Amino acid sequence: MTDATVAPVEAMRVVDLRAGYPGHLVLDGVNFSLPMGTMTGVIGPNGAGKSTLLKAVLGLLEGATGQVSLLGGSLRECRKQVAYVPQRSSVDWDFPASVFDVVLMGRYAHAPWWARPGRADRAVAREVLERVGLAELAERRISDLSGGQQQRTFLARALAQEAALYLLDEPLAGVDAASESVIMRELDELREQGGAVVVVHHDLNTAPRYFNHVLLLNRRVVACGPVSEVFVPDLLATTYGGNVLMFAGGKPVLGLRDSRD
Amino acid sequence: MPAWANFLGAPWFWNATALVAVSAVLCALIGVFLIYRRMSLLSDAISHAILPGVVLGYLLGGFSAAAFVSGAVAAGLLCVACIGLLVRYTRLKEDAAMGVVFSAMFAAGIVMLSLLRGVDLDPGCVVYGEPLAAKPESLELSLGALLVVLGLLAVAYRPLLIATFDPVFAKLVGVPERLIHIILLGAVALATVAALRAVGIVLAVAFFITPGATAALFCRHMGSVLWVAALIAAGESLVGMVLAVAWNVSPSGLIATLGLGLFLSILLWQRVQTGNRLA
Amino acid sequence: MADDPAWWALTSDVLTLRYDFMRHSLIGTMLVGAACGLLGCFIILRRLALFGDALGHAVLPGVMLGYLWGGKAFFAIFAGAVVTGLMAAALVGWIPRASRHRSDTAIGIVFTGFFGAGVALLSCYQMGTSGVTTFLFGRALAIGPSEVVHAAWMLAGVVLFLTLAYRPMVWMTFDPVGAVAQGVPVGALTGILMVALTGTVVVSLPIVGAVLVVALLVIPGATAYLLVDRLAPMFLIAAIVGAVSSLGGLLLSHMFAWASGAAMVLAAAFCFVMALMWNLSRRKYACLG
């Protein structure tokens with residue numbers, strides 16, 4: 001974890017970020033900042049640029065402009081402190097590797113590139129596997145895992161990085177209930193230890209329960225702040241485009257005419 | 001020893017077999033990474049495209065190994081760069097760009113060869129290799145290339161593994177993904193030229209891809225895929241050389257056929273074991 | 001070279017088609033080039049370039065078996081090529097379903113295995129080095145009247161197929177799923193396309209050889225694709241580029257003693273580079289304007 005004496009108070013600051021894909025600008029001037037010790041849900045309709053935001057912040061998109069500071073510095077300075085959990089479909093799960101092999105990859109930045117993983121690295125990998133409930137499956141080939149187990153493997157790889165800032169892209173998509181509760185418990189744990197967690201999330205029903213901070217995004221930032229201030233009908237309606245939202249007792253009810261249908 | 005097997009006591013046979021086996025192991029080790037980085041067919045393109053570089057290397061460098069290895073690597077990288085530029089700046093798709101570039105470069109190499117009578121590289125050798133006619137220098141070159149690749153694997157196994165499994169993650173944790181890609185492209189060109197005498201250009205892909213693909217059918221870890229692919233490559237080379245000399249057929253052609261046969265046998269056996277259904 | 005009177009005599013012989021064998025090789029290669037160009041358009045549009053390469057290699061064992069058992073009869077060679085070509089295509093389709101491998105790996109495994117078998121058969125039956133190089137690199141000068149007839153039939157077949165099945169083929173090429181939904185017999189048409197491709201590959205083998213046949217299939221189509229936006233002119237241009245580059249390659253091969261198949265490929269590549277430069281310059285002006 002970060003040294004207490006120089007611990008940054010700001011997890012992420014984004015100024016005037018523009019990013020997208022060739023011929024298609026998705027994020028058009030995004031500004032926000034997130035403090036440490038928060039668990040932020042990035043919420044918005046499909047095509048709002050939620051995944052694009054994470055990729056742009058991590059420098060994975062060519063041609064993105066704007067300023068991004070992570071943990072008070074540039075990405076280059078704090079690479080070891082930032083962990084990213086991509087969407088599950090981003091890798092080939094038929095790759096010949098066990099769960100343990102994948103989790104051990106998270107220890108890469110903690111040793112010189114030529115060195116083999118040491119005893120301490122293996123101990124960390126075993127410990128995080130225990131935490132996500134995959135200790136028994138450590139030697140299982142990753143192609144034989146369920147969707148939820150694959151997602152927990154990815155989370156374990158990120159936990160093994162022992163980072164301060166965690167960015168997760170739809171970690172709960174297509175995941176069973178048991179995995180969902182394990183994942184949210186571990187993320188909560190990270191926040192309680194003073195880290196910052198940013199999660200792209202698509203389920204409005206669970207959002208206020210899971211997050212204490214919300215970033216409403218629809219190509220620009222609609223609102224960003226504590227869940228009680230931001231997760232309110234007006235702002236949600238603005239985010240999702242007016243009348244597509246209906247409310248029951250102040251709580252948003254999902255299953256609306258979303259662009260997904 | 002029966003009469004047909006007399007050659008098993010002859011040093012020329014074992015020299016040729018050593019050359020083929022070393023070349024096959026060299027290609028198989030690189031090939032495992034090519035399979036998982038979706039570069040199977042790019043390696044085919046590179047192995048064809050090195051030909052003009054090799055011939056130019058012979059011409060300019062006066063028959064030294066360094067000259068034609070650097071010619072091959074330069075031509076291989078040029079091929080990949082041209083494919084990338086075509087895909088980027090025209091509406092051609094990657095497969096068409098590959099087809100255009102590698103066939104044109106290979107044709108240029110063939111034309112250069114046909115102009116250079118007297119150079120000890122004939123078109124037949126280019127296609128299917130002639131290990132039985134190889135000189136000792138060929139074995140030195142492929143041994144050297146194998147040592148380079150083994151050294152690379154020993155030192156940079158972890159970054160290679162991470163970059164192959166998850167390039168995005170690799171970039172984020174500081175693995176030089178782009179550099180690794182270029183090193184692999186160069187390694188394909190190096191291995192093709194080092195294996196030219198033994199396997200030829202057109203059959204090089206069989207030596208790159210098939211052993212690794214066979215090992216991947218039943219291995220659970222990247223490490224074991226590498227070991228088993230190397231063993232399969234060496235075993236097929238030995239069996240292939242014995243049969244090829246006994247039957248007087250092209251060794252690399254026979255080894256490529258054996259490789260496909262072994263792959264299909266294991267795959268069929270697995271399907272019969274697991275599901276009784278073949279699809 | 002150019003100050004050698006014999007060289008000039010030979011060149012003028014070539015250009016004036018003084019001898020039968022030159023007429024045969026010129027006409028045969030142009031017919032084959034045109035047929036390859038026409039089918040090449042589908043190869044480009046359906047992203048089958050690497051499959052075309054694989055097919056060029058995979059027919060070799062069938063060609064050899066047909067050559068050996070069928071006494072060099074064209075039909076036997078064609079039948080052998082179709083059998084091994086379809087076997088290879090079926091395996092390429094089956095391996096990704098039966099294993100964890102993707103289709104590019106499957107193509108790599110299958111076509112080299114088949115090509116290896118073809119090379120082993122070639123060397124096994126000791127057909128002499130000329131036979132070997134004919135099938136691997138082609139020898140346009142060795143074309144006789146019968147090859148010209150085969151090439152003419154093949155081109156006629158391809159043109160007939162394209163004329164009759166033009167609309168469904170276009171539909172299937174742009175929107176395979178929609179075509180199935182509309183009742184276009186996509187399976188049957190793909191089968192016919194495969195057989196036509198195999199046939200064209202077979203008649204191309206003695207001219208460009210197994211290794212470079214992909215170039216004749218891909219480069220004229222790719223050249224036309226850079227030049228025009230609509231399909232009908234694309235077919236026309238691809239056929240012309242195919243025929244012209246075959247002719248040009250043959251002349252180059254005569255005049256400079258280049259390997260003939262490779263010379264044709266280089267001529268086609270020259271057309272491609274010209275088209276590429278035109279394409280890029282037009283885009284530049286479009287940006288400025």
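# Close-up views of a predicted model

**View 1. Strand S6 of chain A and its neighbours.** Within S6(A), Leu165(A) is the bridge partner of Val82(A). Strand S5 (residues 82-85) of chain A and S6(A) run parallel and are joined by 4 bridges. S6(A) is also joined to strand S7 (residues 196-200) of chain A, by 5 bridges, and this pair runs parallel. In S7(A), Val200(A) stands opposite Asp169(A). Strands are taken as paired if DSSP finds at least two bridges between them. Helices (H or I, at least four residues) and strands (E, at least two) are DSSP runs, numbered from the N terminus.

The model shown is predicted: local features need pLDDT of at least 70, side-chain atom pairs count only at pLDDT 80 or more, and totals for chains, interfaces and linings use all residues. Residues are numbered from 1 along each chain as its sequence is written, while chains are lettered from A and ligands numbered from 1 in the order in which they are written.

**View 2. The two faces of S6(A).** In a regular strand the side chains alternate between the two faces of the sheet. On one side of S6(A) lie Leu165(A), Leu167(A) and Asp169(A); on the other lie Tyr166(A) and Leu168(A). Both faces are covered, and all of these residues are buried. S6(A) is largely enclosed by the rest of the structure, because 5 of its 5 residues are buried. A residue is buried if 20 or more other C-beta atoms lie within 10 Å of its own, exposed if 12 or fewer, and partly exposed in between; C-beta atoms are placed from the backbone.

View 3. Tyr166(A) sits in strand S6 (residues 165-169) of chain A. Why does Tyr166(A) count as buried? Because 25 other C-beta atoms lie within 10 Å of Tyr166(A). Beyond its neighbours within four places in sequence, Tyr166(A) is in contact with Ala83(A), Ala158(A), Leu190(A), Gly195(A) and Val197(A). Contact means that the C-beta atoms of two residues, placed from the backbone, lie within 7 Å. Tyr166(A) and Val198(A) are 32 residues apart in sequence, yet 6.1 Å apart in space, C-alpha to C-alpha.

**View 4. The S8-S9 hairpin of chain A.** Strand S8 (residues 213-218) and strand S9 (residues 220-226) of chain A run antiparallel, joined by 6 bridges. Leu215(A) stands opposite Cys224(A) in S9(A). The two strands form a hairpin with 1 residue between them. Arg219(A), in the turn, has a positive phi of about 65°.

**View 5. Chain A as a whole.** Chain A has 8 helices and 11 strands. Of its 261 residues, 41% count as buried. Among contacts between residues at least 6 apart in sequence, 68% join residues at least 24 apart. The mean pLDDT of chain A is 86, with 89% of its residues at 70 or more. Over residues 1-5 the pLDDT is below 50, and this stretch has 5 contacts in the model beyond near neighbours in sequence. Residues 254-261 of chain A also stay under 50; the model has 12 contacts for them beyond four places in sequence. pLDDT is the predictor's confidence in each residue, from 0 to 100.

**View 6. Helices H2 and H11 of chain C.** The axes of H2(C) (residues 20-45) and H11(C) (residues 186-208) come within 10 Å and cross at roughly 145°. Axes are lines fitted to C-alpha atoms, for helices over the stretch in contact, and angles run from 0 to 180 degrees between N-to-C directions. The crossing of H2(C) and H11(C) is left-handed. Left-handed means that the near helix is turned anticlockwise from the far one by less than a right angle; clockwise is right-handed. Residues of H2(C) in the contact include Gly28(C), Val32(C) and Phe42(C); those of H11(C) include Leu193(C), Leu197(C) and Ile207(C). The contact residues of H2(C) and H11(C) divide into 10 nonpolar, 4 polar and no charged. Ala, Val, Leu, Ile, Met, Phe, Trp, Tyr, Cys and Pro count as nonpolar, Asp, Glu, Lys and Arg as charged, and the others, Gly among them, as polar.

**View 7. Where chain A meets chain B.** The contact takes 19 residues from chain A and 20 residues from chain B. The side of chain A that touches chain B has 13 nonpolar, 2 polar and 4 charged residues.

View 8. Chain C averages a pLDDT of 85, and 91% of the residues score at least 70. Confidence in chain C is lowest in helix H7 (residues 128-137), at a mean of 62, and highest in helix H12 (residues 213-227), at 94. The model scores ipTM 0.91 and pTM 0.89.
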